[in-house]
Amino acid sequence: MSQPEPDRETVLVFGSTGTQGRPVAGLLLDEGYAVRAVTRNPEAAAGLTARGAQVVAADLNDPDAVRAAAQGADRVFLHLPLSFGAPGAAERARAAIDALVAAGVRQIVFSTSGPVPHAPQGIPGLDDRVAVLRHVLDTGVGTVLKPTGFMENFAAPWSAERLAAGELAYPRPPELQVAWVTNDDVAAAALAAMRDPATVGQVFVLAGPEALDGPAAADRLARGLGRSVTYREIDGTEFAEMMTPYLGAETAKAIGSGYDQMPRFQDPMMIPDGGPAAAALGIRLTPLEEWARTRDWDAGGRPRSA
Ligand SMILES: NC(=O)c1ccc[n+]([C@@H]2O[C@H](COP(=O)([O-])OP(=O)(O)OC[C@H]3O[C@@H](n4cnc5c(N)ncnc54)[C@H](OP(=O)(O)O)[C@@H]3O)[C@@H](O)[C@H]2O)c1
């Protein structure tokens, strides 16, 4: 591993091969940071190396590997991958966070990856996130980003093709609203948080600028795609069938049944006001239509800039 230049801060980015971490790593590289990109499969991360990142192998479930990866890093971007929510996941996440602190990092910018309530609700996956959020703040070096639903869900491989063909199929009642936020804005928030030491100890609720029900989201996407899009509510079983070829049957089924268990009324945590966090961090929140224009829908919803 080559050493970063002395005047550049080093940021360890977890999930750097994934939907959330990739834009964070990309933005930090654009801004001149030395990025240490974490993956469990370095050989599959050639794109990050080509962009100038140092690729390091570490599994979040292995605190020794996490500590070694973080040695000498100034800051960390961290989020919990899908495997969290399994038995013991919160303990493993706490151990990983402790390992980062033991390595001496000055800041952990932690994305909760979705809405998190103030207190445990008796739902294992959610309660893990409550416990981990508190643990991050307890370290004294944590900044928490709390996003809503990600616009990138619409560009997931199981959704993009259907969307391009004119259907937004999603396992939620059409009348429920979500203030969708793009991971590009979450990345901008992470960068802003890293630039401002006053953000340590704070929680920032990140939400897109519009609360949209299903048909309104379809309308914004239709404008962005330049073609007609209709919203169709599906159940968790059909959603699981869509995801199975990409995530495997077990993970897809778990996600699908998670949606079936969600209450069928409006969750206020999906439509918070993102304005105060955006103002505090000095970032602009991207509307869904504008985000959709940044994607190539004839190429699976890939970013046009990629
Ligand atoms: N709010 C929303 O709308 C929304 C939507 C989708 C997902 N989520 C949440 O977002 C999280 C997933 O993030 P994502 O969408 O970025 O996932 P993703 O695109 O599937 O990528 C997962 C990333 O996590 C890394 N990873 C997985 N397990 C790991 C481990 N044990 N140790 C170290 N790294 C590990 C993977 O790295 P390698 O494979 O390279 O090792 C990959 O970079 C989950 O918590 C999920 O519930 C939220």
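This is a predicted model: local features need pLDDT of at least 70, side-chain atom pairs count only at pLDDT 80 or more; totals for chains, interfaces and linings use all residues.
Biologist: How do you know whether the radius of gyration of the protein chain agrees with that of a compact globule?

Modeller: A compact globule with 306 residues would have a radius of gyration near 19 Å, and the protein chain has 19 Å, so the value agrees. Along the principal axes, the C-alpha atoms fill a box of roughly 50 × 40 × 40 Å.

Biologist: What share of the protein chain is called buried, and what makes a residue count as such?

Modeller: A residue is buried if 20 or more other C-beta atoms lie within 10 Å of its own. Buried residues make up 44% of the 306 residues. The secondary structure comes to 12 helices and 11 strands.

Biologist: Which residues of helix 6 are buried, and why are they said to lie on the same side of helix 6?

Modeller: Helix 6, residues 157-164, has Ser159, Ala160 and Leu163 as its buried residues. They cover an arc of only 100° around the axis, and therefore they sit on the same side of helix 6. Their cover includes strand 7 (167-170) and helix 8 (214-225). After helix 6 comes Gly166, with a positive phi near 105°.

Biologist: What are the domains of the protein chain, and how far apart are their C-alpha centres?

Modeller: The domain assignment gives domain 1 as 10-147 and domain 2 as 149-181 + 208-271 + 286-300. The C-alpha centres of domain 1 and domain 2 lie 25 Å apart. In contact across the two are five residues of domain 1 and seven residues of domain 2. On the side of domain 1 that touches domain 2, four residues are nonpolar, one is polar and none is charged.

Biologist: Which residues come nearest to the ligand, and how many in the shell are nonpolar, polar or charged?

Modeller: Of the 27 residues around the ligand, Gly18, Thr39, Arg40, Leu60 and Pro81 come nearest. The shell divides into nine nonpolar, 16 polar and two charged residues.

Notes:
Residues are numbered from 1 along each chain as its sequence is written. Domain bounds come from an automatic or database domain assignment. Ala, Val, Leu, Ile, Met, Phe, Trp, Tyr, Cys and Pro count as nonpolar, Asp, Glu, Lys and Arg as charged, and the others, Gly among them, as polar. A residue is buried if 20 or more other C-beta atoms lie within 10 Å of its own, exposed if 12 or fewer, and partly exposed in between; C-beta atoms are placed from the backbone. Helices (H or I, at least four residues) and strands (E, at least two) are DSSP runs, numbered from the N terminus. The arc is that of the directions from the helix axis to the C-beta atoms. A residue is near a molecule or strand if its C-beta atom, placed from the backbone, lies within 6 Å of it. The radius of gyration is taken over C-alpha atoms; the globule rule is 2.2 Å times the number of residues to the power 0.38.
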